[in-house]
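Here are my notes on the model, as numbered points. Please read them with the structure open.

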Amino acid sequence: MFSAEEFFVWLFRLVLKPFAAAGAFVLVAFLWTLLLQQILVYPLVFLFLCAVMGSTWFAGRMAGLFAVILSSFCVAFFFIPPVFSFAIDRSSKSYLIAYIVSAFAAAIVTSMKRRTEGMIRHARDELELRVAERTAELEKSYRELQRRERELRELTEAIPQQIWSAAPDGTFEYCNQHLLTLVGRTDSELRGNQFLELFHEEDREHFAAAWKAAIFGGERLEGEWRICCAGQKYRWFLVRALPQRTADGTITRWYGALIDVDDRERVQQQLARTQSEFARLSRVLSMGEMAVSIAHEINQPLTAVVTHGYACLGWLRAEPPNLEKARSTTQKIVDEGTRAGAVVQRIRALFSRDTMPRESVDINAVIREMARLLRDTSLRQETRIRLQLAGGLPPVEIDRVQMQQVLLNLAVNGMEAMSAITGRRRELLIGTSLGPSGEILVRVEDSGAGIAPEDAERVFDPFYSTKEGGIGVGLSICRSIIEAHEGRLWTEPRPGGGSIFQFTVPVDAHDR
Amino acid sequence: MTDETMTVFIVDDDESIREALLNLLESEGLSARLFASTEAFLDEWSEQMAGCLVLDVRLPGASGVELQEKLIAAGIRIPIIFMTAHGDVPMVRKVMKAGAVEFLSKPFQREELLTAIQQAFNLEREIASERAERRAIEERMATLSPREVEVLELVTEGMLNKQIAGALEISEITVKLHRRKVMEKMRANSLAELVKMTERIRKGPIR
């Protein structure tokens, strides 16, 4: 049901408004026609057609219809003779009909035109609306994108790390402010391959090779290099880069970061220095224990030299002098003197701070030499040293002095472990064998009290000692020496009491 | 100081020391035999080996000091000269007390060694003559009858003939007869001499 108000709206829209519009147009046409009637003889009804078209155009079909009706009456009344009467004479009848048909035609055409026009306008409006909507949408997503990018940038700037990216071919593209601040350069100063200049002269080539390998292999880049920071100071950095790939695996960009490891590196170097200092100290300490052995070791050839010297004098003093004996004795003096010199040199090497270059040696020879140095200690400890050395072992690339130190430490420890034994034989066994994977296995066995299983690893901890007055660095240094030789040092209980200390030494690669 | 009957027995585990000593002693016209360990020396040992030992204090296995102890325990008296690379005072005292001739620190002077060897040889000669003398006394003693041995024992204990007769429940004249027989058989000129002989025997066997 229509309410009253709706009815009036309907009435206004469908009747009053078209009627008013049609009336207005027809009135204008009528007035103009009246005016033109004074000048022209022929009745100008086309103005009414214009009024019909105008009404239809501007106010719709209803208005057109009203206009046709109104104008028809108007034409019939005012302009078709007899004038001022609705009566129409026969001759004018066809004229009026023609007018009405034209008016209708005009109204229909105009209406259709108007409708088409309206549809077009509507379509255009729709399009405009769509465009506006889409534009708004794009604008929104653009703003979102911008926001994201800003956030990302802020993130890369906020992270207290040096971040950079590079093109797939490795040319530098972007880096964050932290990196720029760190190196004290501007963005443009790093473009292309200029960033290579940041690396330390000695590291540049190595980095370039690693970077090239990463780019061509599509592998991650990782390494530690020195980079020139602002103020021309070099610091160690861990440089890492990962490739970003598309779905088909093509690298689109490299993302990298720099991590300052300078302090760590420095601490490590300091640690290494301290450790080598400790190693030397422990060497000196164990040498202290060995002083008697050393004295003996030097004294033996010296005694031989002196004794041979007297003998030589004796042979020369004889009547007639025994020159043959004197000659052979002199040769012996030379031999023994040389031997004494070698001993001194060996001992000096044991005390020295320098690390010796690694040399390819027979491990059995090193062990025999060690056993000789330990002769006196073993006599004092009333311990027998038994060697069980496997024949035909390949040579090993080792630092002879360090290896002697390890053997010395293990042997002295073993002997001390047995010092409490009474009533049974004290025997220290030093043996070599070939391990299952081609490495050389060295073991030092004692028959002492042994080590509790829970302490088996602790004995290698620095400053852990079970010995009175021991500072507990011996075994920890032994382990670091063996590990520096890419070997392994461990302990296990010996069947029947005591412990076995074993270590491995890898055989030279080219002999394997 | 050459003496063909005497040999220097060198025990040292260091071959170059052994050789050097051999060379020196040869140049002095002395004969020497070398041993790498005390065990090797004991294996070779025989009563006919006259001379002296030059012994390293510290040796693998049984040490020089242990060898000295073993020899004393076995009643073998052979002069010992010790050598060492270390001035080990308590050890010096110990081995010297046990009768070592000398204690040499390596390296030692020629004279030190030769003098020590000379001393050792002299001692060895003394020991040998004493040994010979003892053996003679023992031989003479072996000719005594059981009764004469009884009389000898009591006489050397300082008993008078009368007391001996009482103890053995024989007449004093019989004691006198036995006593004269003993003096003759033992070739003793006086009672004092007889006492000295028996004392020498009482010290026990030397080898």
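1. Which residue of chain A forms a salt bridge with B:Asp14? The partner is A:Arg339, with the closest N and O atoms 3.1 Å apart. A salt bridge here is a side-chain nitrogen of Lys or Arg within 4 Å of a carboxyl oxygen of Asp or Glu. The rule finds three of them across the interface of chain B and chain A.

2. A word on the basis. This is a predicted model: local features need pLDDT of at least 70, side-chain atom pairs count only at pLDDT 80 or more, and totals for chains, interfaces and linings use all residues. Residues are numbered from 1 along each chain as its sequence is written, chains are lettered from A and ligands numbered from 1 in the order in which they are written, and side-chain values use heavy atoms, without hydrogens or water.

3. The interface. Contact (heavy atoms within 4.5 Å) involves 24 residues of chain B and 25 residues of chain A. The buried area is about 2000 Å², and carbon and sulfur atoms give 54% of it. That area is the accessible area (1.4 Å probe) that two parts lose on being put together, summed over both. B:Asn23, B:Arg58 and B:Pro107 supply 25% of what chain B buries against chain A, more than any other three residues.

4. Strand 12 of chain A (residues 499–505). Seven of its seven residues are buried, so this strand is largely enclosed by the rest of the structure. Buried means under 20% relative accessible area, exposed over 50%, partly exposed in between (1.4 Å probe, protein chains only). Strands are DSSP runs (E, at least two residues) and helices likewise (H or I, at least four), numbered from the N terminus. Both faces are covered: A:Phe501 and A:Phe503 are among the buried residues on one side, A:Ile500 and A:Gln502 among those on the other.

5. Its neighbours. Strands pair if DSSP finds at least two bridges between them. Strand 10 of chain A runs antiparallel to strand 12 of chain A, joined by seven bridges. A:Val442 stands opposite A:Phe503. Strand 11 of chain A also pairs with strand 12 of chain A in the antiparallel sense, over five bridges. There, A:Trp490 stands opposite A:Gln502.

6. A salt bridge within chain A. A:Arg264 and A:Glu224 meet with their closest N and O atoms 2.6 Å apart. A:Arg264 lies in helix 7 and A:Glu224 in strand 3, so the pair ties together parts that are 40 residues apart in sequence. A:Arg264 is partly exposed at 42%, and A:Glu224 is partly exposed at 28%.
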